[in-house]
Amino acid sequence: MRKTRLISLVITGLFVSLIASSAVAKTLSKQEIVDKAKVFAGITLNVSMSGADIGFIQGAVSEFERTTGIKLDMMAVPDAQMYEKLMIGFMTGTAPYDFFDFMHRHKGGVAAFAMDLTELNAEYGFNVSDVLPLFRPLLYYPTDAGSKTDDPKIIGLPSDGDFHVFFWRKDYFEVTGLDPDTPPGDIDQLMQFAEQLNEKDLNGDGRLEYGFGPRMSRWGAHIGYSTVMNAFGVDWFYENWRPAINSDTGVEALQWWLSTRKFSVPNYQELSWPTMYEAFNRGDFAMMWNFTSTRQIPNLNPAICGISLPPAGPFGVPYNMTSGASLFAITKQSKNPEAAYLFLRFLTCPEIHKKLTLSGDGDIGVCYKYTLYDPEFQAEYMYPGSWKLVQKVCELTKDLVPAQPLCIPETKVLHEELDLRLSEAYSDQLTAKEALDKAAKTWADIMVKGGHYNPGAPSYDPAYRKPDIDGIYLK
Amino acid sequence: MARKSSQWLAYIFLLPLLAVIGGLIVYPLGTSIWIAFRDFNPMYGRSAFVGLGNFIQLLSQERFVTSITITCIFVAIAVPAEFLLGLGFALILYKNIPGGRYFRTIALLPYVTVPVVVALTFRILLNYRGGLVNYVMQSMGISPLAWLSHPRLALFSVVVADLWRWSPFATLLLLAGLRSIPNNIFEAAEVDGATAGQKFLWVVLPALKPTILVILLLRMIGTFKVFDLVYMLTEGGPGKATDLISFYIFQLGFRHWELGTAAAASYYLLLIILAITIVLLKRFKPT
């Protein structure tokens, strides 16, 4: 009897482990990808890539060419013009690319031209669960705030993931009597700290330093502001696609954001995200929130700079996903989609992704589990303990609801209109309410042209909800 | 017979030029006119004929009207300033000062500098905390200014950058104009007892009239089209302070994909430039 029970236990155990191992395929290693790609030796792939990335990624490109025999014709596109160049090429049918990278916030526009990778992922054993939970929605279109659908497609794999975090100068905190290891927990405390730190010579250089550095340059103004929206729980639209940015809470959010200017450097409207890093590092102001940047953060002195989650607003801690996260994709018209896909997998495989993320040059943020939990990676990642911050953010997304970035074809136009109106508010050309009302009016006109108010058009899928797709966050 | 065949030969030799003109000028011009009368958005596949709809719609758009206004202000300040500065440098260089030849070369360097480099250089110079301009001001006890963040100062900064780049162009043309004035006219004026000021007003300026017309026309057209400086220095901000019409058309056409409206806006710009050109030509008509 005992022997029978023991045998059945062993068989059950074997059966369970067999099921478990087949449920999640092992991630392909670099060598496995290279071996699969060798069958395509001799072909040429046309690759469009951000100019900022192309230099540092050259090592990986050369290795892929050398080991597979596939030639890569690389075309560098400046970041600021990436969207225009890609879209002009796609719309006119002149884009020769097999492979391209794009910023997540442009997904609404490029999605129509990107191949659905669901089948290739299944064929080559890509596990969505390898992507860190915070960045999993990046893969799909549409699942971000936008039109509801039961049939989302995977249109890319993440190449870079980042989110807004909070930075503070511990040395300045200490000089003014604040605890250097405790950042403000909420936006009220942020204002108190900013007032205490403002317009003082905090480093003895004879010049005044300031409490806070808000991101208020016109280009990308919506990016800095969307963190504020998130903190106040302001959505982009109501369910019927009427703009919600100028709701009472929306106006309150912008008014609060405008009030931070009184503790800010006078040239706050010049501050784009990289110049904010430079100014912060130089010591111009004591606090800021900004993207996690593997290129910029290593320039900070960890002895005097702290990083944490942004302070909570009335709605909670903001997780801003309207950020610079990027994806690799294959074009629908590619004549060599499998070869292009294997190049994509090569760039995102454990060995290469770790190398690219650690190099810091290309500003590639960690977005895969196999990288984040690699001990070597943890030992070296951009800033002491910063990998723990990424881990914490990913864990918290299981319980809290981050704002989904807007991802519809009109996204770029809507964002630019909001950038303009926010910039007018930042320079006191308009009040907060006037700016948001004007933006909302233009948004409504844009949505009319996009057919979103037509009978039968899908309703708006709100930014503050867990996506309907099973497993995006929870697995 | 021989005359006819040589005529045909002439047309054959003209064909390549006509092909280039047709392909690079006539066809795009015709297409842009066609687009201007359509609700043309390739992103959504819209291409419906709307007649004057785009033109009428633009007049009711606050941003279009504002950008035209700001551009006109920019042109009204920049063009005369470039001319006056250019004239000043030309008069200095006209005199044979020691080292004038080298100074002439250096003075022309801004004109040959790539516009993007000019914009980036000024962005660094005018930086609030680290820029040379504020550094010098602070060392003189003057408070620093937010050159690129303050709405009024931002437009002024773009004017200065444009001035720096294009004054040498005016200098070059005016210097050539000055050198072409025959000496005997100056001698005659001296014989008549004209002072330096009178010589300048009644001899130099009238003689330079054709050159002045060319400078004003070319700079007026160029300044109305300024894009690179705005794109690199301020991106149209802060707010709408430097939202010049060319930047607005670029955004409309290549970011919003409203190509029909963008084409209509560019034809409005063309009409404004044509109107000013006609006024200038009439004003500077030789008597």
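The structure is a predicted model, in which local features need pLDDT of at least 70 and side-chain atom pairs count only at pLDDT 80 or more, whereas totals for chains, interfaces and linings use all residues. Residues are numbered from 1 along each chain as its sequence is written, chains are lettered from A and ligands numbered from 1 in the order in which they are written, and side-chain values use heavy atoms, with hydrogens and water left out.

Between the two chains, the contact (heavy atoms within 4.5 Å) involves 35 residues of chain A and 32 residues of chain B. The area buried between chain A and chain B, that is, the accessible area (1.4 Å probe) that two parts lose on being put together, summed over both, is about 2,900 Å², and carbon and sulfur atoms give 50% of this area. Of the area that chain A buries against chain B, 22% comes from Arg218(A), Glu270(A) and Lys449(A), more than from any other three residues.

Side chains of opposite charge can pair when their charged atoms come close. With a salt bridge taken as a side-chain nitrogen of Lys or Arg within 4 Å of a carboxyl oxygen of Asp or Glu, the whole structure holds 31 salt bridges over all chains, and the count between chain A and chain B is nine. In one salt bridge, Arg255(B) meets Glu84(A) at 2.7 Å, N to O; Arg255(B) lies in the loop between α12 and α13 (259–283) of chain B and Glu84(A) in helix α5 of chain A, so the pair joins two chains. In another salt bridge, between Arg129(B) and Glu209(A), the closest N and O atoms are 3.4 Å apart.

Polar contacts are pairs of N or O atoms within 3.5 Å; within protein, one must be able to donate a hydrogen and the other to accept it, and residues adjacent in sequence count only if both atoms are side-chain atoms. Between chain A and chain B, 18 residue pairs are in polar contact, both residues being at pLDDT 80 or more. The side of chain A that touches chain B receives two or more residues from each of α5 (82–92), α18 and α19 of chain A, where helices (H or I, at least four residues) and strands (E, at least two) are DSSP runs numbered from the N terminus. The most, seven residues, come from α18(A).

At least two lining residues of the second largest pocket come from each of α18 (411–426) and α19 (432–449) of chain A and α3 (62–94) and α12 (245–254) of chain B, and α19(A) gives the most, with seven residues.

The count of cavities of 30 Å³ or more comes to five. The largest cavity contains about 150 Å³ of space; among its 15 lining residues, Arg105(A), His106(A), Trp219(A), His222(A) and Lys412(A) lie nearest its centre. To the lining of the largest cavity α18(A) gives the most, with four residues.

Two backbone features complete the description. A cis peptide bond, with omega about -5°, joins Gly237(B) and Pro238(B), and Pro238(B) is placed in the loop between α11 (228–233) and α12 of chain B. Trp241(A), a residue other than glycine, has a positive phi near 70° and lies in the loop between α10 (221–232) and α11 (248–259) of chain A.

Methods: 1 Å grid on protein atoms, 1.4 Å probe; cavity = no way out; pocket = protein on both sides within 12 Å on 5 of 7 lines; lining within 4 Å. Points joined across faces, edges and corners; volume = space filled by probe spheres on them.
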